[in-house]
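Have a look at the model first, then read on.

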Amino acid sequence: MAEDIFYETPDVKVTNARFIVANQTYAMNGVTSVKNITIPPNRTGAIIAIVVGLLLLVSGSAGVKVLGIAIIALGIFLIVNAKAEHVVVLHSASGETQALRSTDEQHIRDVIGALNDSLVHRG
């Protein structure tokens with residue numbers, strides 16, 4: 001029986017029999033369900049940078065104040081550019097496996113859709 005391909009990119013392939021991510025292959029007959037989880041970005045370092053920058057800005061000489069402004073700008077840049085991470089989670093009899101991570105939400109949605117199509121195809 002030939003494999004039906006539901007989704008394929010250079011790093012991911014979903015067929016009715018297999019889910020291949022980079023160098024890892026998961027047998028679809030062992031997968032009972034799939035889900036997408038979102039991990040929010042960690043902004044702790046950026047917030048600390050802004051606080052340190054504010055402290056430098058309110059105290060010290062002109063040179064220290066310029067450094068404070070630069071650190072605040074860096075903290076703001078990090079907050080603005082922080083992205084959530086989206087994860088494909090496979091459920092099987094042996095538990096959960098985080099199979100694929102990406103900041104590209106649409107890519108993860110496409111993979112989840114293909115995995116669901118594969119599960120439905122399997123019956």
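Two strands count as paired if DSSP finds at least two bridges between them. Helices (H or I, at least four residues) and strands (E, at least two) are DSSP runs, numbered from the N terminus. This is a predicted model, so to speak of its limits: local features need pLDDT of at least 70, side-chain atom pairs count only at pLDDT 80 or more, and totals for chains, interfaces and linings use all residues. Residues are numbered from 1 along each chain as its sequence is written, and side-chain values use heavy atoms, with hydrogens and water left out.

Four strands make an open antiparallel sheet in the order E1-E2-E3-E4. Strands E1 (5-8) and E4 (24-27) sit at the edges with a single partner strand each, so one side of each has no neighbour in the sheet. The twist averages 10 degrees from one strand to the next; angles run from 0 to 180 degrees between N-to-C directions, with axes fitted to C-alpha atoms, for helices over the stretch in contact.

The other open sheet has three strands, ordered E5-E6-E7, again with antiparallel pairing.

| Strand pair | Bridges | Facing residues |
|---|---|---|
| E2 (residues 12-15) and E3 (residues 18-21) | three bridges | valine 14 and phenylalanine 19 |
| E6 (residues 85-92) and E7 | seven bridges | valine 89 and glutamine 98 |

**The helix across them**

Helix H3 (residues 105-122) lies across E5, E6 and E7, at about 170 degrees to E5. H3 also lies across E1, E2 and E3, running at about 165 degrees to E1. Contact means heavy atoms within 4.5 Å.

**Two residues up close**

Lysine 13 lies in strand E2. Is lysine 13 buried or partly exposed? Lysine 13 is partly exposed, with a relative accessible area of 22%; buried means under 20%, exposed over 50%, and partly exposed in between (1.4 Å probe, protein chains only). Leaving out residues up to four places away in sequence, lysine 13 touches Ile5, Tyr7, Glu8, Arg18, Phe19 and Ile20. Methionine 28 is 15 residues from lysine 13 in sequence and 12 Å away in space, C-alpha to C-alpha.

Leucine 55 belongs to helix H1 (residues 44-58) and is exposed, with a relative accessible area of 53%.
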